[in-house]
Amino acid sequence: MTPHTPCGAGSHLIARRQMLGGLLGSVTTAGALAPIGQAELAAELTQSDRQMLIIFLDGAVSQLESWDPKDATDTGGPFQAISTSQPGVSVSELLPHTSQQLHHLLLVRGVNTKENNHAKGKYLMTKGRRQEPSTDYPDLGAVTSRLLTRPGARLPGFVHLEDGRRAAGKPTSSGQDAAYLGPRYGSLVIGDCQPPEHSSPLAGQSPESDRLRRQFRQRLNQRFARRGNAATRAFAASFEQAEQLMANAHVFDVSKEPAADHQRYGTHGFAQNCLMARRLLEHGVTCVKVMHTNYDTHNENFNHHLEQLGEFDRPFAALIEDLALRGLLEKTLVVVTSEFGRTPKINSKFGRDHWSNAWSLALAGCGIKAPGVFGRTNDNGTEVVEHEVDHRQLFHTFLKAVGADTRRHFDVNGRPIPVADPAAGPIEEILA
Amino acid sequence: MTRIDARLTHETASLEAPAPLLCCSFDPGGRYVFAGAQDRSVVRWELETGTATRLEGHKSWVRSLAFVEEGQVLITAGYDGRLGWWQIDEKTPKPIRLIDAHKGWIRSVAVSPDGKLVATAGNDLIVRLWSATDGKLVRELHGHTDHVYSVAFHPGGQHLVSADLKLVTRDWRVSDGKSLRSFDSARVLHQYDKSMQCNLGGARSMAFHPDGESLLVGGFFVVATNIFDGGAGSKPTAAVIDWKTGKRRLLHRPTAPLPAVLWGLCWHEQGFWIGASGGAIGGHLLFWKKDEPDDFFRLKLKSPGRGLSLHPDGQRLAIPHFDARLRVFSMTQA
């Protein structure tokens, strides 16, 4: 059964201090960055207020127990397919609430990423390229933040939400995910729905003394700026970001959402993070990533998908419904993905192993043709037989759906690095 | 008289199935053995000839079997939430009735000692009692807060026991469905894995000693942290619970590290318990003497076992296997 861990039971995690540490730790790279034409970008962004929500089902959700059921086949397992609000399209019976929101979703059923290693698969799906020894690439959220967050935004452009796993000592992100874009665009990691740590003034510190402290620091910064460089500018910017964060700490307080919504979403960690995601998107955060873990079910795949998708289904459906009702879906791309899928073959432990050759993900919202189904696997799900796509095409597609031009380059120390893998392009058939 | 000895156990038949098997049971008359398969069928083999017949009607896996009407009718409990009645002797049995009994999986079915009642339990957290003869609902028993994995009647017939994912075990009075007590003395077979954020547990098998003084609840004991991922950190284990006090008397475990789940349990009248396991590195038949924690004999199986049935002759055992084979073993001299 689903454990209902009350949100708030964990530790405060992140943030101002963590963010500062991150900024300082990688300031050399960030300082060397010559950004993609800032003025040009700002002009583009006045035309776009698009956002992105990434829901990452960590450990690799089974496509057969979710988006691509193979009812009554040798690989189908014990769950049945159920009809949905999208005529003619079925999903697993483990998604009864989501099935009623399928008229908002586009299912991509022909994903083949050819990578069965968790870390490498996650890299592909979050960064859109294979790992290279010479270059670390930024996370989709960081790229989105870089390309879509308006200059002077009062909130971080990329927020990463996770629950209990961090408290258990196995966090899903360190926040160091912006690579050459610089830590300004990296994720602010929020654990267990707690406001960012140290985002309230120190006990005993009066507003006046805080003001004087900041004033003094700014004066020193101005003096130093005359012979400063990108590193010192990044250092100063980190304080500005932290101040903004402190001034807007209430945005991260999910308890301010109506009690009825808490009831509707649920009280466990993932449910609360879905509600937090809605809140953050409403307040204008450019990209929110919600983690749900763990789907790595080599052992007892069916019992554990009952439990994990039992947690996922209701709050996810509520979130999609709310984003639609509030008009947010018109400007927000929702991506539900994993690092890969799971084997059609059921192993001796009632488990499913790693399978990247034919798996599925779900999209909703702006820039894509939803509802619908794109791609098809064969009868028992072992291979893609129509419209095969990979991580590179998907990365292009996600960004293009929110209005970004993926043919452009980031200028990193004079070295042009394409926004997305230039060897591939977006999946035009599913772009609106 | 034929000498029965656990140490003599050897395979006598290997019957081919259309798909990996999930559970099995000899009929009380001893003519057939039935097994649920991953192709959603139930397979009947006639033991003398080995002839196989598929019983079709469920829309998902059948994970538990029982017999009523003096052994003439098979009860099948499916993950489609349906309960089926089948005449066992028909050439190609068709369901006498298939009823929607639970929302979601039925994980376990048991028949009362007098043969009049059928008990079922599953993922809707409810235990239900049915009339064995006409399939009418007799009563519902509410109280579990997690998926219910096993049900068993006390040999005296007055009590029904159910055990769930977290090994919470409930004692129900059959006559009126009243919850008499709940005990967690088998809870050692459950663990919440904080890293993977999931529950590991479930009463995978359950049986009373015929004298009614002890209840065995089988599952797995977590001995390492990678059970979820690799399944290698568990031991097939049965908790022996004193029926009077509800306290755990001991744990039956294999002395060797055998990562697996205890899927089947039965008592042999010659004074020992038999368990069947299946898991990461195969399966075993395990034999324990009453009130002795360690196994006194074990037999490695060719493929993970997923259940266990003792033939009415007391000499033969049937094991449903992952490799789509139903194997029959004899505990007598070859």
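The model is predicted: local features need pLDDT of at least 70, side-chain atom pairs count only at pLDDT 80 or more, and totals for chains, interfaces and linings use all residues. Residues are numbered from 1 along each chain as its sequence is written, while chains are lettered from A and ligands numbered from 1 in the order in which they are written.

H11 of chain A covers residues 301-325; helices (H or I, at least four residues) and strands (E, at least two) are DSSP runs numbered from the N terminus. Its 25 residues reach 34 Å from first to last C-alpha, close to the 36 Å expected at 1.5 Å a residue, where the expected span is 1.5 Å times one less than the number of residues. A kink of about 30 degrees is centred on Leu309(A), the bend being the angle between axes fitted to the seven residues ending at a residue and the seven starting there. Of the 25 residues in H11(A), 20 are buried. Buried means 20 or more other C-beta atoms within 10 Å of a residue's own, exposed 12 or fewer, and partly exposed in between, with C-beta atoms placed from the backbone.

## Nonpolar cores

The largest nonpolar core has 99 residues, of which Ala35(B), Ile75(B), Ala119(B) and Val217(B) touch the most other members. Such a core is a set of buried Ala, Val, Leu, Ile, Met, Phe, Trp, Tyr and Cys residues joined through C-beta atoms within 7 Å. Strand S21 of chain B (residues 214-222) gives the most to this core, with 6 residues. Apart from it lies another core, of 98 residues, among them Leu147(A), Ala317(A), Ala358(A) and Trp359(A).

Leu160(B) belongs to strand S15 (residues 159-164) of chain B. Leu160(B) counts as buried because 24 C-beta neighbours lie inside 10 Å. Leaving aside neighbours within four places in sequence, Leu160(B) is in contact (C-beta atoms, placed from the backbone, within 7 Å) with Ala119(B), Val151(B), Phe153(B), Trp172(B) and Val174(B).

Leu308(B) sits in the loop between strands S27 (295-301) and S28 (309-310) of chain B. With 27 other C-beta atoms within 10 Å, Leu308(B) is buried. Its C-alpha atom is separated by 7.3 Å from that of Cys23(B), 285 residues apart along the chain.

## Contact between the chains

Chain B puts 29 residues into the contact and chain A 22 residues.

Notes: Two residues are in contact if their C-beta atoms, placed from the backbone, lie within 7 Å.
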